[in-house]
Amino acid sequence: MKFAVAIPALNAAVRTDWIAVLESYSRQSVQPALYLLADSGSTDSTVADAKEYGWEIMPVHRHDFNHGATRQKIVQKLAEAGFDAVVFAVQDACPATSDTIQLLLEHFQATGAAVAYARQVPWNPESMDGYFRLHNYPPVSSVRKKEDIQKLGLMTAFCSNVLAVWNIDKVMKAGGFPATAFGEDMLLAARLILDGERVAYCAESVCHHEHSGSLPELWTRGVAIGRMHGQNPWLYEKFGHPETCVRRHICIRDFLRFSGGLLSKYTGFLYGYTETKIRTFIPWMLFLGAMLAGGMLIWLNRIPANDTCPRYAPMAEAFAAGHWEYAFHPMYGVLFPSLSGMIARLFHLNGFRACQIAALFLWAVSIFPLYELFKKFWNRKIALISCCLYLLCSKLHRYVYDGLRDNGIRILTGIPCASTAKCILVLSPLLSWPYLDCLLEHHSHVHEL
């Protein structure tokens, strides 16, 4: 079987005992046809050290790195070169013995599984991370298939690219690794399980691997896990909730011992899980916020503006009464008097209050086209900031509580007022400068969160 060992890396020399990792692979009893390092712009000696040990370098632009997409590029590269399997590993995982890879490959071939992953042994078994690794990676090997879903739930698809060998042909048939920032191994393993393939766990093949137990890192990891589940709801539908996997092997004493870490990780999970859904409702949240804030302004002001009293309010009242000859004026169009007139008739309001509500609605509803416009030309964060600037524009507030038509209606018709133009045409392009855009978008690049 022709196989390769591939590791995505970034500044491994300063973050891990990189030389020890390279040395451990060089001493393996079974050597691959290719050692491949997918380096995404390391600024230390990571690449130079790997070259000394005979590794081939595959450059990856740092902003283009993606846990799933990068691994899929590696798979495609190896498939074109005629490889049968690929052993994926990470820069901070060190094979424990010289036969770690050999035992993993033997179990992989013996079971006929699409993927087989190794056992992870923590350096500190007393830590929270060490505790869960000892439970997630037991001393007994296993093979899981579709029929085990009812019994094991989401653990049926549990898999880790910390050290795992994949059948390239089966990976390609399943569609490859998904483009995701976290959990590409479990997502692909789940698809393989549903397609009738098997996932194997080799307890005899051991590597040392552990994460920090700091609360910020646990929260960050929880966010990544929650985001992965939030973006892939089919995991819940097909395999069940991940919380049940935790409840199965934690007792009250250990729960109390790790309560701080568990709380940090779980709150991060909830945030990450709801983040995708919250983003969908951002325009609606801005719209509701504008309606509430504008409603307070309307409630505080009971004195009509000069234009509202002799013009817009009487037109609204005429529309409500059905006196069409007084309801419209060629200078003002039909939208504002029609909307304010309908509000006056439906809610039995005077013309001034109807104009205030119409102005508020048109101002708030302008959020939707503005948000989509900015998101299309720049990105989601700039769209959010731009819309917040629009809602904070004090001159537009005056149009709302005075019941004037010079508010969101001009945005809808493509003629922004001067204050809105300042916010949109000056501040938003300013936010798109490369330097500020880089700060706002801040591409995270954490290998194996």
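## Nonpolar surface patch

Ile278, Phe281, Trp284 and Met285 form a nonpolar surface patch of about 440 Å². Patches consist of residues with over 30% relative accessible area and no salt bridge, where nonpolar side chains (Val, Leu, Ile, Met, Phe, Trp, Tyr) are joined within 5 Å and like charges within 9 Å. A salt bridge here is a side-chain nitrogen of Lys or Arg within 4 Å of a carboxyl oxygen of Asp or Glu. Accessible areas come from the Shrake-Rupley method with a 1.4 Å probe, and for residues only the protein chains shown count as cover.

Ile278 lies in helix H14 (residues 259-280). Helices (H or I, at least four residues) and strands (E, at least two) are DSSP runs numbered from the N terminus. Ile278 counts as partly exposed because its relative accessibility is 40%; buried means under 20% relative accessible area, exposed over 50%, and partly exposed in between (1.4 Å probe, protein chains only).

## Basis of the model

This is a predicted model, in which local features need pLDDT of at least 70, side-chain atom pairs count only at pLDDT 80 or more, and totals for chains, interfaces and linings use all residues. Residues are numbered from 1 along each chain as its sequence is written, and side-chain values use heavy atoms, with hydrogens and water left out.

## Nonpolar cores

The largest nonpolar core has 48 residues, of which Ile74, Leu78, Val86, Phe88, Tyr117, Trp166 and Phe239 touch the most other members. Helix H9 (residues 184-194) gives the most to this core, with seven residues. Another core, of 37 residues, lies apart from it and has Met315, Tyr332, Leu339 and Ala383 among its members. A nonpolar core is a set of buried Ala, Val, Leu, Ile, Met, Phe, Trp, Tyr and Cys residues joined through side-chain atoms within 4.5 Å.

Beyond residues up to four places away in sequence, Phe239 touches Ile149, Gly153, Leu154, Thr156, Ala157, Ala190, Ile193, Leu194 and Trp234. Contact means heavy atoms within 4.5 Å.

## Strand E4 and Phe88

Strand E4 (residues 85-89) is mostly covered, with five of its five residues buried. Ala85, Val87 and Ala89 point one way from E4, while Val86 and Phe88 point the other way. Strand E1 (residues 3-9) runs parallel to E4 and is joined to it by four bridges; Ala4 stands opposite Val86. E4 also pairs with strand E8 (residues 163-167), in the antiparallel sense and over five bridges, and there the bridge partner of Val86 is Trp166. Two strands pair if DSSP finds at least two bridges between them.

Phe88, in strand E4, counts as buried because its relative accessibility is 0%. Its contacts, not counting residues up to four places away in sequence, include Ala6, Arg71, Ile74, Val75, Leu163, Trp166 and Phe177. The C-alpha atoms of Phe88 and Leu36 are 9.7 Å apart, with the two residues 52 residues apart along the chain.

## Strand E2

In strand E2 (residues 34-39), six of six residues are buried. Leu34, Leu36 and Ala38 are on one side, and Tyr35, Leu37 and Asp39 on the other. E2 pairs with E1 in the parallel sense over six bridges, with Ile7 opposite Leu37. The pairing of E2 with strand E3 (residues 56-59) is parallel over four bridges, and Leu36 stands opposite Glu56.

## Ala364

Ala364 is found in helix H19 (residues 351-365) and is buried, with a relative accessible area of 0%. Leaving aside neighbours within four places in sequence, Ala364 is in contact with Phe287, Ala290 and Met291. The C-alpha atoms of Ala364 and Val400, 36 residues apart along the chain, are separated by 9.8 Å.
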